[in-house]
Amino acid sequence: MSSDLVIVYHRQPYEEVELDGKIEFRENKSPNGIVPTLKSFFGKVDHGAWVAWKQAEDTANPGFDRVVEIEDDYGKYSVSRLPLTENQVKQFYHVTSKEAFWPILHGFKERYNYDPVDWPNFRQVNWSFAEAAASEAAEGALVWVHDYNLWLVPGYLRQMRPDVKIAFFHHTPFPPPDIFNVLPWRKEITESLLACDAVGFHIPRYAANFVQVARSLTDVDVTERVRVSEDLISEGTALTERTVPTRLSWKGRDVIVNTASVGVDTAYIAERAATDETANQVARIRKEMGDAQLILSVGRTDYTKGGVEQMQSFERVLEANPELHGKVRLMHVSVSANRNMTVYAEVQAAIEETAGRINGRFGRLDWQPISLISRPIPFAELVAYYRAADVAWITPLADGMNLVCKEYVSARTDGAGVLVLSEFAGAAVELGSAVIANPFSNRSMDEAILRGLRMGEDEQRARMAELKKAVEKYDVGAWGRSIDEVLGKVGGSPSPKPEAA
Ligand code: GDG
């Protein structure tokens, strides 16, 4: 059945569970994250489709149904599973996307690795995604593509199906031309993005960078520029922009450039934070802490998240402030998305080595400065740690948005707690009331964490109230509404379902 809305996202929108030899499709265990928000768009159309990949030994005979029909709380939708071999996945995702694109997107030119890239494979995989989307899309449908690993899909889809509307959303930062143009495929990627009706980013800076890149590579005119909303202008943060281009003209076609920051489900997190189970866990954590303060740091194991740099700051702070020994602990939760990738194994090793050195240097029988958690902890438990922490210390070197800081604020329905946030996280443009730190400056990092630890309750509450306003204003529902508005502008917005008779 063809669909009015096709979402193209690398991950499948459910968990596949094998029960007595039969495969069952289940809702993802944690309702947190953006998958439920994406699926909620299916409620607005007669029929939706989702395209993702699934590993197969033989792509001609994958041993699973290419398309399955799902019916859940979000309505009826098809899921098209594109069979890819292990090697195709490794090449397109782990090599080209993670070794070549990821460092460039985050501004780490020195980590860019061109040598292992198999560009024909990347093109082939993106072509297959475009074909799968094309075969699900109804006449004039909207196809909504997510993230840089599918950069070539819009261009291919435009060739295959000139009738469809195409929107794209980047979850990462987008760098300026001096960095992006390191990629030898820069023009091919940019022209594919310009084949969209709407190209989306978290914050105005990334949109502005994209437009600069486009202008450096092709004749593109900015036909509309608007002033950035006051609450996204945060003095003293590196990523603030004053105006942003919102419409381009390229080869006679209009391209909307939109910004909408992904948020979290504040109501769900607040509800979790208010349960008795959470209260009991918080009491247990606080008891274990005694009179020591708890600093919490959470993020994927990735060099962009600045885990090692943060621990080095903690080491300097402990060295310079002996009165803190025994009085503060850092809980560092750093989970690897892929342990088999050399680059992440190296980051993990560096984190372990740094934590080990600091614990060895300062630790005592009754006090270990750093607790390192390298396994994922259940979300309910994470909420308890958010609630128990005196300070959340979130200092990525670069981060598209960063949802952890927003989750922390949402969990603090008690109104207390301090957020120390990197000015290089996209979230910082909304969360100027956090203690803002520059992770490239030792002095800024050390002063910010000390300020967080020493902050009095009145200031904590005043700042947290401001943070809460921003996180609620830009929650996941607001992201959905803002995207809906853009999709409406391109004329491809899923039209509301007729009311049931
Ligand atoms: C990309 C962009 C952008 C982490 N540890 C545990 C755990 N988590 C969950 C957090 C949070 C999520 O992982 C991480 O989200 P982030 O936004 O911080 O970072 P990325 O994974 O890098 O996401 C990013 C995002 O896309 C959305 O567009 O914000 O900039 O890089 O939800 O809670 N969850 C559980 N246990 C853990 O140990 N349950």
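**A walk through a predicted protein model**

Hi everyone, let's start with burial: 59% of the 501 residues of the protein count as buried, where buried means under 20% relative accessible area, exposed means over 50%, and partly exposed is in between, with a 1.4 Å probe and protein chains only. Before going on, this is a predicted model, where local features need pLDDT of at least 70 and side-chain atom pairs count only at pLDDT 80 or more, while totals for chains, interfaces and linings use all residues. Residues are numbered from 1 along each chain as its sequence is written, and side-chain values use heavy atoms, leaving out hydrogens and water.

Now the overall picture. The protein has 16 helices and 18 strands; these are DSSP runs, numbered from the N terminus, with helices being H or I of at least four residues and strands being E of at least two. Along its principal axes, the C-alpha trace spans about 70 × 55 × 50 Å.

How does the radius of gyration agree with that of a compact globule? For 501 residues a compact globule would be near 23 Å, and the protein has 23 Å, so the two agree. That radius is taken over C-alpha atoms, and the globule rule is 2.2 Å times the number of residues to the power 0.38.

Contact here means heavy atoms within 4.5 Å. Of the contacts between residues at least 6 apart in sequence, 75% join residues at least 24 apart.

Let's zoom in on His 146, which sits in strand β7, residues 137-146. Is His 146 buried or exposed? His 146 counts as buried because its relative accessibility is 0%. Its side chain makes a polar contact of 3.1 Å with the side chain of His 171. A polar contact is a pair of N or O atoms within 3.5 Å; within protein, one must be able to donate a hydrogen and the other to accept it, and residues adjacent in sequence count only if both atoms are side-chain atoms. Not counting residues up to four places away in sequence, His 146 touches several residues, including Ile 7, Tyr 9, Phe 168 and Trp 479.

Next comes Thr 240, in the loop between β10 (221-227) and β11 (243-250). Thr 240 is in a loop, and with 9% relative accessibility it counts as buried. Which side chain does the side chain of Thr 240 join through a polar contact? That partner is Thr 237, at 2.9 Å. A polar atom of the Thr 240 side chain also lies 3.1 Å from the backbone oxygen of Ser 234. Leaving aside neighbours within four places in sequence, the contacts of Thr 240 include Arg 205, Leu 232 and Val 429.

Now for two backbone angles. Most residues other than glycine have a negative phi. Lys 251 has a positive phi, near 50 degrees, and lies in the loop between β11 and β12 (253-259). At 65% relative accessibility, Lys 251 counts as exposed. Asn 402 has a positive phi too, near 95 degrees, and its loop runs between β16 (391-394) and α13 (404-411). Asn 402 counts as buried, at 7% relative accessibility.

Last stop: Glu 472, in helix α15, residues 457-473. Glu 472 counts as partly exposed, because its relative accessibility is 42%. Its C-alpha atom is 33 Å from that of Val 317, which is 155 residues away along the chain.
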